[in-house]
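Please read them with the structure open.

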Amino acid sequence: MIASLRGTVEAVNPSSAVINVGGVGFAVLATPDTLAQLHTGREVSLFTSLVVKEDSLTLFGFVDVDEKSTFEILQTVSGIGARTALTILSVLPPNDLRAALARKDEAALTRVPGIGKKGAQRMILEIGTKLGPAVGEAALASAEPTATAADPDVLAALVNLGWQERIAASALTKAHEQADGHALSVPELLRSSLRILGAQR
């Protein structure tokens, strides 16, 4: 089991990063909040979770233990796999997820693409209080890229998550409209777009 990585960031993509550890590049899937904290050429330490399937080995990376443990607890819910768990955390960071579960807020949970009413009910029932109580406000992501610069990256990330480009582009446009002229970072824009796509189902 690969529990953590420490190395140099070689590349940061819309939904993943490459971390060079001793000359070996590890591809790591991560949430927008985690990716926003990675910078090419800098050293980074990530907590990781290795998901093994018959035909693949996929490494997921997290900047803190809370995000990693939340990711792993999500996968204990019936019908939620690793990629769905990552999508949930992309829309609802750990504190927001805790708050939604505590309120039994099905509407908030179903804004996640791939989570319907029954899936939300299963999450509320099967996770219960395993995540603990929400504490304070969710940390804000670093807002480095402007919304205009972020568009191609966010569109690529949505397509990689399985959305048709036309539908993804429409959600991206609506995300800008909802921002009311404020420049959004890649993580913020991706999260907003995912919420819009989830609401359209």
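Predicted model: local features only at pLDDT ≥ 70, side-chain atom pairs only at ≥ 80, totals over all residues.

The points below go from the overall fold to single contacts.

1. The protein has 201 residues and a radius of gyration of 16 Å. A compact globule with 201 residues would come near 17 Å, so the value agrees with that expectation. Along the principal axes, the C-alpha atoms fill a box of roughly 45 × 40 × 35 Å.

2. **Order of elements.** The count is 9 helices and 5 strands. Read from the N terminus, the order is β-β-β-α-β-β-α-α-α-α-α-α-α-α. Helix α1 covers residues 32-35, and strand β4 covers residues 43-53.

3. Buried residues account for 43% of the 201 in the protein. Take the contacts with a separation of 6 or more: 58% of them are between residues 24 or more positions apart.

4. **Strand pairing around β1.** Strand β1 (residues 4-12) has two partners to check. With β4 (residues 43-53) it pairs in the antiparallel sense, over 5 bridges. Leu5 has Leu46 as its bridge partner there. With strand β2 (residues 16-21), β1 again pairs in the antiparallel sense, over 4 bridges. Ala11 stands opposite Val18 of β2. The link from β1 to β2 is a hairpin of 3 residues.

5. **The largest nonpolar core.** Which residues have the most contacts inside the largest core? They are Leu74, Leu97, Leu109 and Met123, in a core of 43 residues. Leaving out residues up to four places away in sequence, Leu97 touches Thr70, Leu74, Ile88, Leu92, Leu109, Met123 and Leu131. Three of the residues named for the core, Leu74, Leu109 and Met123, are on that contact list.

6. **A second core.** A separate core has 11 residues, among them Leu5, Ala17, Val28 and Leu46. In soluble globular proteins, nonpolar side chains tend to be buried together.

7. **Helix α3.** Is α3 buried or exposed? Of its 10 residues (82-91), 8 are buried, so the helix is largely enclosed by the rest of the structure. The buried ones are Ala82, Ala85, Leu86, Thr87, Ile88, Leu89, Ser90 and Val91. Ile88 is also one of the residues that Leu97 touches.

8. **Aromatic pairs.** There are 2 in the structure. In the pair of Phe60 and Phe71, the ring centres are 5.0 Å apart and the planes are at 35°, so this pair is tilted. Phe60 belongs to strand β5 (residues 56-62) and Phe71 to helix α2 (residues 65-74), so the pair ties together parts that are 11 residues apart in sequence. Phe60 is buried at 1% relative accessibility. Phe71 is buried at 0%. For Phe62 and Phe71, the centres are 4.9 Å apart and the planes are at 45°, so this pair is tilted. Phe62 is buried as well. The ring pairs link Phe60, Phe62 and Phe71 into a cluster.

9. The whole structure has 5 salt bridges. In one of them, Asp33 meets Arg191, with the closest N and O atoms 2.8 Å apart. Where does each partner stand on burial? Asp33 is buried, with a relative accessible area of 14%. Arg191 is buried too, at 11%.

10. Glu106 forms a salt bridge with Lys117, and their closest N and O atoms are 2.8 Å apart. This pair links distant parts of the chain, with Glu106 in helix α5 (residues 106-109) and Lys117 in helix α6 (residues 117-127), 11 residues apart. Glu106 is partly exposed, with a relative accessible area of 25%. Lys117 is exposed, at 53%. Asp105 and Arg103 form another salt bridge, at 3.1 Å from N to O. Arg103 counts as exposed, at 55% relative accessibility.

Technical notes. Residues numbered from 1 in each chain as written. Heavy atoms only, no water. Phe/Tyr/Trp six-rings, centres within 6.5 Å; stacked < 30°, edge-to-face > 60°. Helix = DSSP H or I, 4+ residues; strand = E, 2+ residues; numbered from the N terminus. Buried < 20%, exposed > 50% of the residue type's maximum accessible area, 1.4 Å probe, protein only. Core = buried A, V, L, I, M, F, W, Y, C linked by side-chain atoms within 4.5 Å. Contact = heavy atoms within 4.5 Å. Salt bridge = Lys/Arg side-chain N within 4 Å of Asp/Glu carboxyl O. Pairing = 2+ DSSP bridges. Rg over C-alpha atoms; globule rule 2.2 N^0.38 Å.
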